[in-house]
Amino acid sequence: MAAAAEKQKLLIVDDSEMNRSILADMLGDEYEIIEAENGVQAVTVIQKYGTEISLVLLDIVMPEMDGFEVLSVMNQRRWIEDIPVIMISAERRSSRVEQAYALGVTDFISRPFDAVIVHRRVVNTILLYAKQKKLVGLVEEQIYEKERQSNVMIDILSHIVESRNGESGLHVLHIHTLTELMLEHLVRMTDKYVLSRSEIALISTASALHDIGKMAIPEEILNKPGRLTDEEFAIMKTHTIHGAAMIQDSPVHQDDPLVRMVYCICRWHHERYDGRGYPDGLKGDEIPICAQIVALADVYDALTSERVYKKAFSHEKAVEMILNGECGVFNPLLMSCLKEMAGTIQEELRQTGAVRMQKQEMRHVVGEMLNHDELSASERTLMLLEHERMKYSFFASLSKEIQFEYTVSPPMVTLSAWSADQLELPEVVMDPMHDKRVLSRIEADDVSELTDVLHRATIENPRVEYDCQLLLGGEKRWMNIICQVIWSGDELQQYTGIIGKAVDISEMRVKMDTLQQMAQHDGLTGLFNRTYAKQWVKDSLKRRMESQFAMAILDLDFFKHANDHYGHLFGDRVLMYVADQLRHSIRSGDIAARIGGDEFLIFLEYSAQGADIRAIIQRIYNSIKGTYEEFPVSISMGIATTECAGSSYKELFSAADKALYAAKEAGRGRYCFYDDIREKEEEQS
Amino acid sequence: MTLKECYAAMEGDYEEALSRLRSERLMKKFVLKFLDDPSYELLCTSVGAKDGKEAFRAAHTIKGICQNLSLTRLYQSSNVLAEALRAGWNEEARPLIDEVEKDYRQTTEAIRVLKASEDGGNQ
């Protein structure tokens with residue numbers, strides 16, 4: 001039985017139980033078989049076991065979620081990189097096969113199953129994946145180690161040059177970063193220089209050796225505090241030639257791209273675009289772009305650093321001097337590149353040290369992760385935890401949300417750095433329920449209500465939401481608080497704490513109110529608009545129990561005259577007048593809406609048998625018609641009731657519309673019930 | 001009744017199935033299990049409801065199982081039906097459903113005889 005525990009897990013996904021058990025019988029002796037009968041179950045199983053699953057056998061046609069959907073989930077969550085999938089299929093259409101391969105499927109098993117083939121494919125795929133994982137790890141580790149070693153060598157070498165120079169230890173690092181930043185920006189800005197990521201990295205690395213030729217310059221000249229004489233300057237200039245010669249004379253690696261790059265940079269990092277630089281007086285793009293960039297980076301860093309012969313200039317001053325051509329002429333493209341980057345260079349340089357360290361560390365972590373079968377579980381867990389922690393703090397810093405965690409024992413609330421800053425509280429507050437500072441950020445009523453809400457949370461429903469005001473930066477803001485109650489993982493399932501976040505919804509609340517108003521109402525008359533009225537009618541009809549409803553559509557007669565004779569502004573006032581009359585003549589539970597230019601709709605409820613609806617309509621009709629500033633307001637109206645016309649919006653509307661048409665036909669200025677014309681219709685037919 | 005005789009009655013390919021599955025014991029186990037497979041029932045109910053998608057899935061599953069067990073006759077009719085239903089419900093599928101029904105009857109009747117002789121033999 002002990003051996004059974006060590007069996008590798010294999011997931012079989014097929015909706016037919018028969019097919020699953022045929023496969024299980026073929027493989028069950030050597031593997032632990034987990035079965036899933038549709039895609040959703042498969043995803044749940046993979047979620048649960050992760051890379052403990054050595055292989056997935058996946059059917060295509062299944063209910064709930066089919067094989068292709070499972071594959072795309074596996075791609076989204078990047079499971080496909082670690083868990084091989086063999087597709088079971090009778091599909092012979094190559095487009096489907098191609099699609100499956102594109103989604104990362106390793107192999108196909110076609111129906112009908114052949115026991116030997118199934119077995120062999122499964123074994124091969126599992127072996128292949130295990131081997132590949134090991135190899136990737138090894139290669140990664142070797143590359144990393146090699147790169148680390150050469151970086152160390154370059155750092156030592158450039159440090160020697162620098163220390164002889166009396167330059168700050170940061171010069172080389174700055175040049176490296178500036179070169180990298182400017183190249184990256186340049187590539188985004190223009191497609192004139194085609195540089196891949198690895199070429200950019202190569203140039204940046206090579207830039208570290210740009211001043212290696214200074215080894216050949218006498219120290220008195222190199223470190224002379226005052227201005228150099230012409231002869232001295234002529235000697236100083238030769239560091240470009242000396243550097244290039246050192247590289248060229250080196251007996252090995254002449255064909256290495258890095259060596260050739262270093263040669264260009266050493267020799268030409270003092271050339272200028274107008275041909276007035278040294279040593280060769282190259283002009284324009286005769287100067288390789290790597291040397292142009294390093295030249296610019298060198299000038300910028302020289303200006304902003306202190307040297308024996310000068311004080312450091314500010315970033316702004318340095319950029320201004322370069323743009324004014326005080327340090328020679330540079331490629332205009334590089335000048336606009338510098339201009340665009342001017343705002344961010346300083347910040348980027350300041351971060352350089354930390355970020356680069358992190359990057360390297362990350363690479364190392366990735367390398368080790370890929371090697372994970374050699375690591376013990378606990379080390380891997382720690383590494384994953386560390387990774388999660390990094391991810392969490394990164395997202396927390398971006399999210400602009402109050403994020404907190406509360407533990408019951410000891411009673412303590414922990415806030416993210418940003419949250420603590422906003423709330424003007426320390427990041428950790430002990431016994432927060434009795435802490436005056438905490439209690440001054442939130443109303444006492446809200447505290448007790450939130451507590452109640454939290455107590456109603458259950459293990460099945462651990463999430464609660466609560467809206468209230470919090471004091472942020474001295475100002476009361478509406479916040480939406482979402483909490484998840486946490487229970488201990490053991491059998492006792494004790495309530496251990498809460499994690500949660502609060503999102504500022506003040507602006508949203510205001511916006512929502514206006515939007516709701518706008519979405520529901522007609523801008524001119526303030527009555528409901530057509531869309532909202534339609535929804536209202538539909539909802540009311542859905543809720544309808546025993547009551548009856550009537551819908552009336554009315555139209556202003558000769559409204560075109562009002563517009564034509566008195567102008568549109570007057571026309572608008574007539575519409576507003578009618579809207580007002582409507583508003584006042586309907587009861588509180590009824591609604592009136594403007595559904596078109598001069599078309600209105602009324603929707604009312606009446607309870608008893610049809611008798612009183614006619615009286616209500618008569619009253620409304622009378623209250624609207626009349627005159628407005630000598631303009632006779634005459635209306636035609638059609639009414640339909642649920643008693644007679646049916647109980648859907650569509651039926652009511654079309655019946656009311658028919659009745660309105662009949663009222664117009666009969667000479668306008670009147671109303672007509674669909675009930676009446678329907679009787680007539682029936683008599684006629 | 002032997003499994004081989006059963007295959008003859010079902011118009012299946014005994015030799016082919018044995019060459020793939022490599023064990024008569026397994027073959028018999030699965031053939032007997034076919035009686036409990038719910039796919040045919042699903043086919044009937046989804047045809048009743050004119051649910052083309054589910055009917056396709058049911059026909060497709062029957063076809064897959066038959067293919068694995070080399071139940072050639074039923075495989076052929078269910079394969080034709082599955083292809084006809086792939087694009088959704090259509091009335092042209094009716095005669096194909098009748099075909100599948102006929103072949104399913106023939107197949108399950110043969111398996112029941114096999115099962116009866118198995119049960120009898122065991123006692």
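Colleague: Which residues in α8(A) meet which residues in α12(A)?

Modeller: This is a predicted model, and in it A:Leu202, A:Ile203, A:Thr205, A:Ala206 and A:Ser207 of α8(A) meet A:Pro257, A:Leu258, A:Met261, A:Val262 and A:Ile265 of α12(A). Sorted by class, this contact holds eight nonpolar and two polar residues, with no charged ones.

Colleague: Why are α8(A) and α12(A) called oblique to each other?

Modeller: The axes of helix α8 (residues 197-207) of chain A and α12(A) cross at roughly 55° and come within 9 Å. Angles under 35 degrees would count as roughly parallel, and 65 to 115 as roughly perpendicular, and α8(A) and α12(A) are therefore oblique to each other. The crossing in which α8(A) passes α12(A) is right-handed.

Colleague: Which residues of α12(A) and α13(A) meet?

Modeller: From α12(A) come A:Met261, A:Cys264, A:Ile265 and A:Trp268, which meet A:Cys290, A:Ala291 and A:Val294 in α13(A). The contact of α12(A) with α13(A) has seven nonpolar residues, no polar and no charged. A:Met261 and A:Ile265 are among the residues of α12(A) that meet α8(A), and both are also among those that meet α13(A).

Colleague: Turning to the sheet, what makes β2 and β5 of chain A its edge strands?

Modeller: The open sheet has five strands in the order β2-β1-β3-β4-β5 (chain A), paired in the parallel sense. Strands β2 (31-36) and β5 (107-110) of chain A each pair on one side only, and they are the edge strands. Averaged without regard to direction, neighbouring strands of this sheet are turned by 25° against each other.

Colleague: What angle does α2(A) make with β2(A), and which strands does α2(A) lie across?

Modeller: α2(A) lies across β1, β2 and β3 (53-59) of chain A, and runs at about 170° to β2(A).

Colleague: What makes β9(A) and β10(A) a hairpin?

Modeller: Strand β9 (residues 463-472) of chain A and strand β10 (residues 475-487) of chain A run antiparallel and are joined by ten bridges, with two residues between them in the hairpin. A:Gly473 in the turn has a positive phi of about 55°, while A:Leu471 stands opposite A:Lys476 in β10(A).

Colleague: Which peptide bonds to proline are cis, and where are those prolines placed?

Modeller: The bond from A:Arg111 to A:Pro112 is cis, with omega near -5°, and A:Pro112 is placed in the loop between β5 and α6 (115-165) of chain A. A cis peptide bond also joins A:Tyr278 and A:Pro279, where omega is about 5°, and A:Pro279 is in the loop between α12 and α13 of chain A.

Colleague: What is the phi of A:Glu64?

Modeller: It is near 70°, a positive value in a residue other than glycine, and A:Glu64 lies in the loop between β3 and α4 (67-76) of chain A.

Colleague: How many residues does each chain bring to the contact between them?

Modeller: Chain A brings 14 residues and chain B brings 17 residues. On the side of chain A that touches chain B, helix α2 (residues 17-27) of chain A gives the most, with four residues, and that side divides into eight nonpolar, two polar and four charged residues. For the complex, the predictor gives an ipTM of 0.82 and a pTM of 0.39.

Colleague: What pLDDT do the two chains average?

Modeller: Chain A averages a pLDDT of 83, and 90% of its residues score at least 70. Residues 1-5 of chain A have a pLDDT below 50 and zero contacts in the model beyond near neighbours in sequence, whereas residues 354-378 of chain A, also below 50, have 20 such contacts. Chain B has a mean pLDDT of 90, with 98% of its residues at 70 or more.

Key
Residues are numbered from 1 along each chain as its sequence is written. Chains are lettered from A and ligands numbered from 1 in the order in which they are written. This is a predicted model: local features need pLDDT of at least 70, side-chain atom pairs count only at pLDDT 80 or more; totals for chains, interfaces and linings use all residues. Two residues are in contact if their C-beta atoms, placed from the backbone, lie within 7 Å. Ala, Val, Leu, Ile, Met, Phe, Trp, Tyr, Cys and Pro count as nonpolar, Asp, Glu, Lys and Arg as charged, and the others, Gly among them, as polar. pLDDT is the predictor's confidence in each residue, from 0 to 100. Two strands pair if DSSP finds at least two bridges between them. Axes are lines fitted to C-alpha atoms, for helices over the stretch in contact, and angles run from 0 to 180 degrees between N-to-C directions. Angles under 35 degrees count as roughly parallel, over 145 as roughly antiparallel, 65 to 115 as roughly perpendicular and the rest as oblique. A crossing is left-handed if the near helix is turned anticlockwise from the far one by less than a right angle, and right-handed if clockwise.
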